[in-house]
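Here are my notes on the model, point by point. Please read them with the structure open.

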Amino acid sequence: MTRQPTTGAVTDARPVTLVRSRPGVAGETARTVHLVPLPVESPVVTALCGALLRGEDIEPVAPGQGMPCTMCVLSHVADGPPPSPVTTSDTRVDTDPLVAMAGYRAGGWPVTLHRDQIRLNLDDDTGALIIPVLLAAEVTAILVTRRCPVPVLAHPYAPEHRILLMAERFGVTLPWPPGVHRVTGTLLLPPTVTPRGPITWTQLPEPDALQLCREIDVLAALRTALNDPSAPH
């Protein structure tokens, strides 16, 4: 995904760019304007509201155009303590955002808390891949047998995909297979709830999760899964 034009950028403590769905991708009433953290350098990015957006499906928007996403705007400008804890049995982690954040940080995760959103910074050492569900299940099983279990997220904006978290970026862009894309910027973690529902773990992270599974391990597991003729993917 190419970097968005500067005409759509908003300058604040956290620089963002304005984007919305291209005509034909969504109905006019669904073409709300989302705020996406800069820089935008990947085929898949996360808006501040938690929406996962594909670069090919969105277009830049100049300030003042379109109807803004309320959740994105609130996330961008609102500060202060988080609201009451979210109650949902689907998150499978502490539902108090403060407690959950403390747990992530104890494991060395680069997370921040903004109101009730727990945000993982996808920097040079932490990465995330979005993978179709069936392929993700195969890759996850392979990584378990190789003793590098990978944390796996289900995201309500991508129900047919899973998001795998990994550490130790390889240093150069790896040859990811078609249909597999890196997610950049920030990633929301449980117990965060998006407008479409909660973000949940389908494979809970081990205590040292971000040290156990490297980017190169995930690529190797992907190649093994794709080369298996009996696999359902």
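1. Cys213 first. At 0% relative accessibility, Cys213 counts as buried (buried means under 20% relative accessible area, exposed over 50%, partly exposed in between, with a 1.4 Å probe and protein chains only). Its sulfur is 4.8 Å from the closest cysteine sulfur, in Cys148, which is too far for a bond. A disulfide is taken as a pair of cysteine sulfur atoms within 2.5 Å.

2. Ground rules. This is a predicted model, in which local features need pLDDT of at least 70 and side-chain atom pairs count only at pLDDT 80 or more, while totals for chains, interfaces and linings use all residues. Residues are numbered from 1 along each chain as its sequence is written, and side-chain values use heavy atoms, with hydrogens and water left out.

3. Cys49 is buried, at 1% relative accessibility.

4. Backbone points to check. The peptide bond from Pro190 to Pro191 is cis, with omega near 10°. Pro191 lies in the loop between β12 (181–189) and β13 (193–194). Helices (H or I, at least four residues) and strands (E, at least two) are DSSP runs, numbered from the N terminus. Arg147 is not a glycine, yet has a positive phi of about 60°. This residue sits in the loop between α3 (133–145) and β10 (152–154). Is Arg147 buried or exposed? Arg147 is exposed, at 75% relative accessibility.

5. Strand β9. Six of the seven residues of β9 (residues 126–132) are buried, so the strand is largely enclosed by the rest of the structure. β9 pairs with β11 (residues 161–167) in the antiparallel sense, over seven bridges. Pairing requires that DSSP finds at least two bridges between the strands. Ile131 stands opposite Arg162 in β11. β9 also runs antiparallel to β12, joined by three bridges. There, Ile130 stands opposite His181, and Leu129 has Arg182 as its bridge partner.

6. Strand β12. Which other strands does β12 pair with? Five bridges join it to β8, and the two run antiparallel. One of the facing pairs is Asn121 with Thr186. Strand β4 (residues 44–46) is joined to β12 by two bridges, and these strands run parallel. Val45 stands opposite Thr184 in that pairing.

7. Gln117. This residue is in strand β8 (residues 117–122). At 6% relative accessibility, Gln117 counts as buried. A polar atom of its side chain lies 2.9 Å from the backbone oxygen of Leu48. The Gln117 side chain also makes a polar contact with the side chain of Arg119, at 2.9 Å. A polar contact is a pair of N or O atoms within 3.5 Å; within protein, one must be able to donate a hydrogen and the other to accept it, and residues adjacent in sequence count only if both atoms are side-chain atoms. Not counting residues up to four places away in sequence, Gln117 touches Leu48, Cys49, Ser75, Thr112, Leu188 and Thr192 (contact means heavy atoms within 4.5 Å).

8. Helix α2. The buried residues of α2 (residues 97–106) are Pro97, Ala100, Met101 and Tyr104. Seen down the helix axis, they fall within an arc of 100°, so they line one face of α2. The arc is that of the directions from the helix axis to the C-beta atoms. These buried residues pack against β7 (111–114), β8, β12 and β15 (200–203). Asp96 caps the N-terminal end, with a side-chain oxygen 2.9 Å from the backbone nitrogen of Leu98. After α2 comes Gly108, whose phi is positive, near 85°.

9. Nonpolar cores. The largest has 43 residues, and those with the most contacts inside it are Trp109, Leu165 and Leu189. A nonpolar core is a set of buried Ala, Val, Leu, Ile, Met, Phe, Trp, Tyr and Cys residues joined through side-chain atoms within 4.5 Å. β12 gives the most to this core, with four residues. Leaving aside neighbours within four places in sequence, the contacts of Leu165 include Trp109, Leu120, Leu187, Leu189 and Trp201. A second, separate core of 21 residues includes Val139, Cys148, Val150 and Leu219.
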